[in-house]
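Thanks for coming, everyone. Please have a look at the model on the screen, and then I'll walk you through it.

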Amino acid sequence: MTDQTELNRLFWHSRRGMLELDVLLVPFVKEVYPQLDAEDQARYRKLLACEDQDLFGWFMERSEPEDADLLRMVRMILDRVQPK
């Protein structure tokens, strides 16, 4: 289980100041992140280290990350808001 201090830190790192990213990342970190396994939590933290412009392109599906871990996390976040 992730402690509250870590969740608070991730919440603030998930707020990017770009509405399109905030509406995806903030609910994800609040609602999904605590239930992820350690590997996916690490992938999410890795995703947060990426540049906003890269994240924007990935989440708007204009491009995909080359890194498989990042691609998995982008798809997980998008699948949550785009039910198939």
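Let's start with D40. Leaving aside neighbours within four places in sequence, D40 is in contact with R72, M73 and M76. Contact means heavy atoms within 4.5 Å.

A word on the source. This is a predicted model, where local features need pLDDT of at least 70, side-chain atom pairs count only at pLDDT 80 or more, and totals for chains, interfaces and linings use all residues. Residues are numbered from 1 along each chain as its sequence is written, and side-chain values use heavy atoms, with hydrogens and water left out.

Back to D40. It is found in helix α3. Helices (H or I, at least four residues) are DSSP runs, numbered from the N terminus. Is D40 buried or exposed? D40 is buried, with a relative accessible area of 4%. Buried means under 20% relative accessible area, exposed over 50%, and partly exposed in between, using a 1.4 Å probe and protein chains only.

Now its partners. The side chain of D40 makes a polar contact with the side chain of R43, at 2.5 Å. The R72 side chain makes one with D40 too, at 2.7 Å. A polar contact is a pair of N or O atoms within 3.5 Å; within protein, one must be able to donate a hydrogen and the other to accept it, and residues adjacent in sequence count only if both atoms are side-chain atoms.

R72 sits in helix α5. R72 is partly exposed, with a relative accessible area of 41%. R72 and R43 are 29 residues apart in sequence, yet 8.2 Å apart in space, C-alpha to C-alpha.

Stay with α5. D67 caps its N-terminal end: a side-chain oxygen lies 2.8 Å from the backbone nitrogen of D69. Which residues of α5 are buried? They are L70, L71, M73, V74, I77 and L78. They cover an arc of only 165° around the axis, so they lie on the same side of α5. That arc is taken from the directions from the helix axis to the C-beta atoms. What covers these buried residues includes α2, α3 and α4.

Last, the core. The largest nonpolar core has 26 residues, and those with the most contacts inside it are L25, Y44, L47, F59 and I77. Such a core is a set of buried Ala, Val, Leu, Ile, Met, Phe, Trp, Tyr and Cys residues joined through side-chain atoms within 4.5 Å. Its largest share, six residues, comes from α2.

Terms used:
Helices (H or I, at least four residues) and strands (E, at least two) are DSSP runs, numbered from the N terminus.
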